[in-house]
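Student: Could you take me through one part of this structure in close detail? I would like to see how its residues are arranged.

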Amino acid sequence: MAYQLYRNTTLGNSLQESLDELIQSQQITPQLALQVLLQFDKAINAALAQRVRNRVNFRILAPILQNE
């Protein structure tokens, strides 16, 4: 799933570690942790879609070959 791309960020990793600790201490269920991660995925993608306005355009300059 493309949404999961941002789970490997510092914020995503910290969230996963915190959720793992809560599961280990039996304060939340694994199902709830999964729901939290899915909500994080949706929220981070929505925030980036709204706030990131810059786009990158690449232009390749190649020499023009002339027939001689």
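Tutor: The protein chain has 2 helices and 0 strands, where helices (H or I, at least four residues) and strands (E, at least two) are DSSP runs numbered from the N terminus. This is a predicted model, in which local features need pLDDT of at least 70 and side-chain atom pairs count only at pLDDT 80 or more, while totals for chains, interfaces and linings use all residues. Residues are numbered from 1 along each chain as its sequence is written, and side-chain values use heavy atoms, leaving out hydrogens and water.

Let's settle on α2, which runs over residues 30-51. Its 22 residues reach 31 Å from the first C-alpha to the last, close to the 32 Å expected at 1.5 Å a residue (that is, 1.5 Å times one less than the number of residues). Now look at A33, L37, F40, D41 and N45, the buried residues of α2 (buried means under 20% relative accessible area, exposed over 50%, partly exposed in between, with a 1.4 Å probe and protein chains only). They cover an arc of only 115 degrees around the axis, which puts them on the same side of α2; the arc is that of the directions from the helix axis to the C-beta atoms. These buried residues pack against α1 (10-24), with contact meaning heavy atoms within 4.5 Å. On the face turned away from the buried side, α2 carries the exposed residues Q31, Q35, K42, A49 and Q50.

Q26 is exposed, with a relative accessible area of 73%.
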